[in-house]
Every structure is written in structure tokens, then in C-alpha cells.
Amino acid sequence: MSEHNHEHHVATAKQLWLIGGALFVLTILTVVVSSIPIPAPFDIITALVIAFGKAYLVAAFFMGLYWDVKFNSMLLIGALVFFILMVTVTLLDTMYRQDVVPSF
Amino acid sequence: MANHSASHPAHVQHHFVDSDQQFESAKMGMWVFLVNEILFFGGLFCAYIVFRAWYPDLFSQAALELNKVWGGVNTVVLIGSSLTVAMAIRSAQKNQIRGLRINLLITIALACVFMVIKYFEYEHKLHLGIAPGMFWNPTPEVLAELSHPKANIFFGIYYMMTGVHGLHVLVGIGLMIWLYIRAGKGHFNSEYYTPVEITGLYWHLVDLIWIFLFPLLYLIE
């Protein structure tokens with residue numbers, strides 16, 4: 001250990017259990033919220049906000065990005081940016097067709 | 001750094017300056033792979049978004065055929081396994097090899113529970129003729145609830161997304177068994193646990209994908 005320039009971050013057991021507990025509570029919450037009738041676009045938005053909250057907890061603390069070099073976070077965010085780009089360009093086609101291709 | 005040869009233990013390959021650089025490189029390589037994984041699943045999510053935008057009614061109808069309870073149980077199982085993987089890495093960092101092996105075993109067990117539940121879900125659906133694409137052949141009872149002409153497309157997306165995800169879980173089980181055996185041979189310690197760390201990253205990504213699949217497939221009103 002002594003030769004190391006910087007120690008690897010070791011999360012405490014308490015931290016990990018807290019994150020696990022928070023993920024459990026958010027899972028319950030997303031199930032409960034789904035049974036409440038929320039008008040059209042907002043039900044999906046609510047579900048996605050909770051899902052992204054859970055994803056943040058997993059990425060930041062279980063995957064350790066919170067303590068990690070920023071480059072790895074950049075890779076993850078980069079992947080999301082390109083995913084959004086892929087969806088946007090695809091929707092620009094599929095949402096503005098006169099007729100949906102019949103066999104689809 | 002001052003004493004270069006002393007900081008060059010057996011596990012460090014000659015082209016790395018030290019253990020830390022090797023560890024950071026391996027981890028960054030894994031993140032690049034995870035970028036590829038996200039965009040791979042991204043294609044499937046893209047198909048989901050396109051078809052949900054085209055046929056919003058289809059998704060709210062068809063989701064009723066999915067069992068919220070088992071989907072929820074599987075979510076909790078995967079979150080639990082993510083926790084045990086994080087605990088396994090912590091054990092390795094603290095040189096507690098027994099703890100590392102126990103946590104890996106619990107993770108393998110939870111992953112198997114996930115797959116068994118998934119098997120019964122598939123089995124139940126296929127029994128009712130709820131199959132993807134051209135194999136769509138539902139019983140009259142199912143057809144009465146789900147008359148949408150594009151119902152087979154929803155289940156094409158469902159089987160593809162959960163199937164590829166399930167395949168990742170199976171690969172994860174294999175990797176975890178490999179880690180368990182290597183840990184038993186004394187290959188890992190607080191100085192060297194890179195395979196545990198990057199397999200952990202992989203496993204958390206599998207959990208992340210499910211975190212989105214669960215509300216998007218099972219919890220549509």
C-alpha cells in the first residue's frame with residue numbers, strides 16, 4: 001500500500017447499505033406511483049425521473065464514479081449524449097411520415 | 001514513485017508504470033466497453049421509443065399481460081445483488097478474501113433467482129401463446145383482453161430487451177463463478193483485485209438496464 005500515490009476509495013459498509021436501501025425505497029415508490037392515475041405525459045416523466053434517480057445512485061456510488069477520475073464520468077455522459085442523438089434523429093424520421101410503413 | 005523497482009509487484013505487467021496505472025487503465029477500458037453496451041441496448045430502447053410513440057394504446061394494453069409483482073421482485077433481487085457486488089469489492093479492498101467469496105456466492109445465488117423468475121414468466125406467457133413477432137398465437141382469453149393488431153410487436157420488443165438482458169445476467173453468473181474460483185486460489189488481495197472491480201462495473205450496468213426496463217415494460221398504466 002505504501003508505494004501507492006493515491007489510495008483507492010473504499011466505501012464504508014454503511015454507505016453501501018444506505019444506497020441499497022434508497023434504491024429499494026425508490027423501487028417501491030415507482031410501483032406505488034404507477035398505480036396512481038397521472039395524466040398522459042406526466043406518468044412516463046415521473047417513472048423516468050425515479051429511474052434516473054436510481055441510475056444516478058448506482059453509477060455514482062456502486063460504480064464509484066463519485067470518487068473516480070472525471071474521465072470515466074465523461075465516458076458515461078458521452079454514451080447518453082450519443083443515445084439521445086440516435087433517438088432524436090430516428091424520431092425526426094418516424095414521427096413525420098405520412099403513413100407508418102404498413103408492415104411495421 | 002521514487003523507488004520504481006520496489007513498486008513493481010508480480011501482478012503488474014511490464015508496460016505499466018505501477019499497479020495504480022494498470023488498475024486505472026483496466027477500469028477505463030471497462031468504461032469504454034460499457035459505453036458500447038449502453039449504445040447496444042440504446043438501439044433496443046430506440047425501437048421501444050419509436051413504437052411507443054406510434055402506438056401508445058398498444059403499450060398500455062399489452063403491459064397488463066406482464067406481472068408487476070414478479071417484475072418488482074426481480075428488481076429488488078437485482079438491486080440486492082448490486083449491493084453484494086459492491087460489498088465484494090469492499091472486501092477485496094480490505095483484504096478480506098473470505099468476505100469476498102461469501103459476497104460473490106450471494107450474488108451468484110441472487111442472479112440465479114432472477115433467471116428462475118424470468119424463466120417462469122416466459123414459460124407462462126409462451127404457454128398462453130404470447131410469443132414475439134410471427135410466433136404470436138394467443139389463446140382466445142388473451143385475445144379478448146389484448147385485441148390490438150400490433151400486439152406481437154410489443155412482445156417482440158419485450159422478449160428482445162429482457163432476453164438480451166437475461167443473456168447478460170447469465171454471462172455475469174459465469175464471470176462471478178470465475179472470480180469465486182480465482183479468489184479461492186488466492187489470486188486477489190487489497191493490492192490486486194482488478195477483475196473483481198471491473199466485473200462489478202459490468203454487473204452494476206446490468207442492474208442499471210433493468211432499472212429502466214422495469215418501469216418502461218411492466219409499469220405502464
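Ala, Val, Leu, Ile, Met, Phe, Trp, Tyr, Cys and Pro count here as nonpolar, Asp, Glu, Lys and Arg as charged, and the others, Gly among them, as polar. On that scheme, the lining of the largest pocket divides into 26 nonpolar residues, three polar and one charged. The structure is a predicted model.

**Interface of chain A and chain B**

- The contact draws on 52 residues of chain A and 55 residues of chain B.
- About 4700 Å² is buried between chain A and chain B, and carbon and sulfur atoms account for 73% of that area.
- One salt bridge is found across the interface of the two chains. It joins the side chains of A:Asp68 and B:Lys27, with an N to O distance of 3.3 Å.
- Eight residue pairs are in polar contact between chain A and chain B, with both residues at pLDDT 80 or more.
- On the side of chain A that touches chain B, at least two residues each come from helix 1 (13-35), helix 2 (40-62) and helix 3 (70-94) of chain A. Helix 3 of chain A gives the largest share of that side, twelve residues.
- By class, the side of chain A that touches chain B has 33 nonpolar, 15 polar and four charged residues.

**Cavity**

- One cavity of 30 Å³ or more turns up in a search of the whole structure. The volume of the largest cavity is about 180 Å³.
- The largest cavity is lined by 16 residues, and those closest to its centre are A:Ser34, A:Asp43, A:Ile44, A:Ala47 and B:Leu219.
- Two or more lining residues come from each of helix 1 and helix 2 of chain A and helix 7 (194-218) of chain B. With five residues, helix 2 of chain A provides the largest share of this lining.
- The lining of the largest cavity comprises eleven nonpolar, two polar and three charged residues.

**Largest pocket**

- The largest pocket holds about 900 Å³ of space. Of its 30 lining residues, A:Leu48, A:Phe52, A:Leu80, A:Phe83 and B:Phe212 are the closest to its centre.
- Both chains contribute to the lining of the largest pocket: helix 2 and helix 3 of chain A, and helix 1 (19-54) and helix 7 of chain B, each supply at least two residues.
- The largest share of the lining of the largest pocket is nine residues, from helix 3 of chain A. Helix 3 of chain A also gives the largest share of the side of chain A that touches chain B.

**Second largest pocket**

- The volume of the second largest pocket is about 460 Å³.
- This pocket is lined by 27 residues, and the closest to its centre are A:His9, A:Gly64, B:Lys27, B:Gln93 and B:Glu197. B:Lys27 is also the partner of A:Asp68 in the salt bridge.
- At least two lining residues each come from helix 2 of chain A and from helix 1, helix 3 (68-93) and helix 7 of chain B.
- The lining of the second largest pocket has 14 nonpolar, seven polar and six charged residues.

**Chain B**

- Chain B contains seven helices and zero strands. Its elements follow the order α-α-α-α-α-α-α from the N terminus.
- Along the principal axes, the C-alpha atoms of chain B fill a box of roughly 75 × 30 × 25 Å.

Conventions:
Residues numbered from 1 in each chain as written. Chains lettered and ligands numbered in written order. Predicted model: local features only at pLDDT ≥ 70, side-chain atom pairs only at ≥ 80, totals over all residues. Heavy atoms only, no water. Contact = heavy atoms within 4.5 Å. Buried area = accessible area lost by both parts, 1.4 Å probe. Salt bridge = Lys/Arg side-chain N within 4 Å of Asp/Glu carboxyl O. Polar contact = N/O pair within 3.5 Å; in protein donor to acceptor, adjacent residues only side chain to side chain. Helix = DSSP H or I, 4+ residues; strand = E, 2+ residues; numbered from the N terminus. 1 Å grid on protein atoms, 1.4 Å probe; cavity = no way out; pocket = protein on both sides within 12 Å on 5 of 7 lines; lining within 4 Å. Points joined across faces, edges and corners; volume = space filled by probe spheres on them.
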